[in-house]
Amino acid sequence: MSLVRAKALEKTYIAGEITVRAIRGVDFVVERASFVSFVGPSGSGKSTLLNMIGCLDFPTGGFLEVAGQDVTRLRSKESARFRGEHIGFIFQDFNLISVLTVFENVEYPLLMVQNWPKQRRQKRVRELLKSVEMADQANKYPSQISGGQKQRVAVARALVTNAELVLADEPTANLDSKTSNRIIELMKDMRDEFGTTFIFSTHDPKVMKNAETVFTLEDGRWKG
Amino acid sequence: MFSIFKFAIRNLRRYRRRTLLTSVLITLGVVAVLLFVSISGSFKAMMIGQITDSMLGHLQVHRKGYLASIDSLPLDRNMKGKQVAEVKKILEGNDAVEAYSMRIKLGAMFSNFSETTSIRLNAVNPKQEMQTVPRLIDRIIDGKKEGLLEKGEILVPELIAKGMKIKIGDTVVLVATNKDGSVNGQPFVVRGILEGISGPGGRDGLIHLDDAMTLLRIEDKEISEISIRLKGMGLMNEAFDQLEDRLGSIKDKNGKPLFEVHTWEKLSPFFNIAEMIDLMTFFIKIMLVAIVLVSIMNVMIMAVYERINEIGTMAAIGTVPGKILSLFVMEGFLLGVFGTLIGIVISLIIIAGMNTARISFNFGRQEGLLLAPTIALNDVVTVSGIVITIAVLASLQPAWKAARMDPITALRHV
C-alpha cells in the first residue's frame, strides 16, 4: 500500500526574469515501511522533492498525496498540523534545540505539537531514547554530546510521534563513515520496529547501497 | 502554556548578558518613574493637604463677584444674614460636608504704637475654623495653640511679627474702615505668631469673628466667605456639582445668581504646579514606554534573527505559527515582568530609605518641609501594567515575523 504518490509533479521557481524548473513532471510511489533514497548531484532537485513531500514547499503542478491526503494545496497552518501528525524530519545539521536537553528535544513534538499528557509523553520519550541507545544521555544538552549522538536524538525526535513517514535530508553528511553506518542501521532498525517509512536524500554511496529503493534525479527528472 | 513559559525562560537564560542588560534598562526606567511619582506625588499631596487643611478648605462659597475683587477685600460684597442662613441650610443638608467655617475677610492698619503697617485679616469662629482647617493649629509657630484664639486676641502673621518685633502678649491696635467709610480702632493682645504658607490668605492674620463685627460695626451677620471641609478629597467634584447646582439656583432680584462656589483648585495657584507635576509624570511615563519599547524590540529582533534556523526546525516539526508567536511574546512578557518586579522592589527599598532618612526641604518661604514619599498601589499597578503591556507589544512584531517565517528559508539560514 502506497504512502506517497506523485503524478506529473512540477516545481518551478520564478525569481524576477529567471525561471528555474527544479522538478519536471516526475511520477513516483513510495510504499509503506520502505527505505527509500533520493540520489543525485547537487541541484538535481532532491531537497525540493523532499520539501514537497514534507509539506514544507508546494508543487506548482501535478499531484502529490501523502498518507492519503492531497497535500498539493495545504495552507501554512494546515501543513504545520499535517507535518506534526504524519511526518518526522531528520536534518543534515541535526537541528536540535540548544536550550532543551536530549529528553526535552525528543519530548518537544509531543508537548508543543501534539499536546500529549505528561505521563504518556514521558513514557514514550523514554522508550524512544532507549531504542536509539541515548537513555543515559537524557539530561545532557546538545552541546554536551557528539554528532552521532545528536543524530540519534534527531531520529528519536522524528519517530516519537509515531510518524508514518520520516524525511531525512543528507542525514549522514556531517558524520564520519562509521557513525553514518550506525545511523543508517539505526534508521533501518526503527523502520523494522515501528514500520515507519524512511525517505532520505544522499550523496553518500555507502548510504545509497543500504536503501531498498533508490530514485536517481538529474535536472529535476528521474534518470534512467 | 507552561511549556512555552519554561521554553521562554530557557531562551532568556541562553543570552544571559543581554537579558540582564535589558532587564536593568527596564528596571532603571521603572525605578525612575516610581520614585518620581512617589516623591512628586507626596510633595503634591503634602502641599495640597497643607493648603486645604490649614487655609482654604476643600470648597469655598462667596457672594457672586467677591472672588474677582478679593485683592481689595470688599466689605460691600459680603453675604448678608439671610443669605448666610440659606447657604448654611444647604451645607447642613449635604452629606459630603464635614464642617464649614464662616469668615469675614478684611484689611486693616496694624500698629504696635511705634510702627504701623497694613494687614490682611481673617475673622473666624475658632471652633468652626478648627473643624474646617484642622492643621491651622500647626501653623502657630509661637504662642498658645489650644482653642486657636479668644475674643480680643490676634494671631499675627510671621512676616509682620518679625518686621515689627512683635512678641506674645504685646498689645496692638487694629484700625479698619467699614463699608460705610467710618474708621474704627480696637486693641488686641497678641496670642501667637502664624506661619505663612504659599497661596491666597497664606499670610493673613487671624482674629475672632465677633471682634471683626465690632471693629467693622456690623450689626447684622455678614460673612465674606464660607470655607467647607468635605468628608474626603475624593468627594470634591461631586460635592462641588451639588452645591453649585443648589446655590446657583438662588437668584437675586435681577435674576442673577447670588452665590459662587469654588474648589481649592480654582483658588490656589498651587493647582497649576500640581498640574505641571502631573504633566511631568505623564512625560516621564512616555519616556519609560520608549525605553521599554526600544529595548524589548531590539532584543526580540536580535533573538529572532539569531534563532532563524531553530524557528525553521520548530516549524518543520509541526509547531503551528501561533505557538511560535506565543513563545517570542512570552519572552518579551517575561523580560517586562522581570524588569518591573526588580524595579518595584528597588523603588520600595529607596522609598523606605528616604522615609527613614527623614529628608527635609524648603519650598518658597516654607522651610524644613519633611519629604515623606509614599507610593500608592494604584501607581505601582499602573506602571507595571504599562511596562508589561509595552513589553508584549514590542515583542509582537518580531514574534509575528518569526511565526510567519518560511520553514525552508529558515532552515537554510546559517
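## Exercises on a predicted two-chain model

In this predicted model, the axes of helix α11 (residues 321–357) and helix α12 (residues 377–403), both of chain B, approach within 7 Å and cross at roughly 150 degrees.

**Exercise 1.** Determine how α11(B) and α12(B) are oriented to each other, and describe their contact.

*Solution.* Step 1: take the crossing angle of α11(B) and α12(B), roughly 150 degrees. Step 2: apply the cut-off, by which angles over 145 degrees count as roughly antiparallel. Step 3: the two helices, α11(B) and α12(B), are therefore roughly antiparallel to each other. Step 4: the crossing of α11(B) and α12(B) is right-handed. Step 5: sort the residues of this contact by class, which gives 21 nonpolar, 7 polar and 1 charged.

**Exercise 2.** Decide whether chain B is more spread out than a compact globule.

*Solution.* Step 1: chain B contains 13 helices and 14 strands. Step 2: its radius of gyration is 31 Å, whereas the globule rule gives 22 Å for 414 residues; the value for chain B is well over the rule, so the chain is more spread out than a compact globule. Step 3: along the principal axes, the C-alpha atoms of chain B fill a box of roughly 100 × 50 × 30 Å.

Key: Residues numbered from 1 in each chain as written. Chains lettered and ligands numbered in written order. Predicted model: local features only at pLDDT ≥ 70, side-chain atom pairs only at ≥ 80, totals over all residues. Axes fitted to C-alpha atoms, helices over the stretch in contact; angles between N-to-C directions. Helix = DSSP H or I, 4+ residues; strand = E, 2+ residues; numbered from the N terminus. Parallel < 35°, antiparallel > 145°, perpendicular 65-115°, else oblique. Left-handed = near helix turned anticlockwise from the far one by under 90°. Nonpolar A, V, L, I, M, F, W, Y, C, P; charged D, E, K, R; others polar. Rg over C-alpha atoms; globule rule 2.2 N^0.38 Å.
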